[in-house]
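Here are my notes for you, point by point. Have the model open while you read.

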Amino acid sequence: MIKVLVIDDSAFMRQLLTHMLDADDNIIVVGQAEDPYEARELIKKLSPDVLTLDVEMPKMDGLAFLRNLMRLRPMPVVMVSSLTQKGADVTLEALSLGAIDYVAKPKNNHQNSLSLFQNNLVYKVLAAGQISFEAPPPIRHIQLPPTDINNKFKNRLIAIGASTGGIEAIQTLLTPLPANFPPIVITQHIPPVFSTSFAARLNKNCGLNVMEAQGGEKLLAGHVYIAPGDKHLIIIRDGAHLKTKLLNSDPVNRHKPSVDVLFNSVAENAAKTSIGILLTGMGNDGSQGLLTMRQNGAYTIAQDQASSVVWGMPGAAVGINAANEVLPLDDMSSKLLTLLTIN
């Protein structure tokens, strides 16, 4: 049984979260706290395995509490976030401080919204409870040596997929890359609003021009295109050029956007000049698409288990021999430069 402590200033949300989590046979809510001070005492008393934490808390905000928790008693935390700009910004900061994952609060009280929220909540708490957790290492801002890459990266494409743990992993991967790097397309499992904040955060912290894809953009060197949180991102050919396209079709592998959808489009339109990378995440989304990319001539990389928050997606890819290479996250940036320079 996974023991959960629910932390939220709203009595209604505490009861709702408790009811939803207790409905699963593998989870038991051992306590509720309405603020971080009460939570601190209950953690000592109840020794929960996982915390759910509201991002906006009275007395001590969720970020301050999380920062102290990760310093004094690191443990898996799932943030419960509002689908607002402020909620997205705070949640992304929480992930950088060590939170494992987040679930977006339902937009309304309709049964479909509540059911989807419960499914996501239970799914992510179960996954968090399986993680052998320790305080996350600080992001390494790797400095790569200067490389003469003019003309060497022409017509190349990098496709990246990720889920749980991917927001920080993607930043680690992108930060060292030079400003004239080939175009990069990314599908990260993420809700609307959050994807906009995620792209803005990356754009601020990287030398590359990072944007949320709108559909129809020509893929340009030095640019990164993030799938929006409510549509699939694919690439298409338009004459001699590759362009983005957004699809408002059904979820694939429970996800929209889906990594498999992106990878399959790359396999169809640019496999022989592309590199596919599957990063940390729950489930198996992206594994089949990575295999198709490899079979069609792409070079494919999966993140190794030791550096993954959750080795679900990359592990599934390794299990079906979809990856040419399995690498620690910190080695991927330099590996990309090596691959692109020698080919």
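Which residue of β3 is the bridge partner of Leu-5? Leu-51 is the partner. Before going on: this is a predicted model, in which local features need pLDDT of at least 70 and side-chain atom pairs count only at pLDDT 80 or more, while totals for chains, interfaces and linings use all residues. Residues are numbered from 1 along each chain as its sequence is written, and side-chain values use heavy atoms, leaving out hydrogens and water.

1. **The sheet.** That pair belongs to β1 (residues 2–7) and β3 (residues 50–54), parallel strands joined by four bridges.

2. **The aromatic pair.** Searching the whole structure turns up one aromatic pair. Tyr-102 and Phe-194 have ring centres 5.1 Å apart and planes at 5°, so they count as stacked (rings of Phe, Tyr and Trp, the last by its six-membered ring, pair with centres within 6.5 Å; planes under 30 degrees apart are stacked, over 60 edge-to-face, the rest tilted). Tyr-102 sits in β5 and Phe-194 in helix α7 (residues 194–205), so the pair ties together parts 92 residues apart in sequence. Both residues are buried (under 20% relative accessible area; exposed is over 50%, partly exposed in between, with a 1.4 Å probe and protein chains only).

3. **Helix α8.** Now look at residues 259–270, the 12 residues of α8. Of these, 10 are buried, so the helix is largely enclosed by the rest of the structure; Phe-263 and Asn-269 are among them. At the start of α8, a side-chain oxygen of Ser-258 comes within 3.2 Å of the backbone nitrogen of Asp-260.

4. **An exposed residue.** Finally, find Gln-295 in helix α9 (residues 287–295). Is it buried or exposed? Gln-295 counts as exposed, because its relative accessibility is 57%. Its C-alpha atom is 54 Å from that of Tyr-37, 258 residues away along the chain.

Methods
Pairing = 2+ DSSP bridges. Helix = DSSP H or I, 4+ residues; strand = E, 2+ residues; numbered from the N terminus. Expected span 1.5 Å × (residues − 1). Polar contact = N/O pair within 3.5 Å; in protein donor to acceptor, adjacent residues only side chain to side chain.
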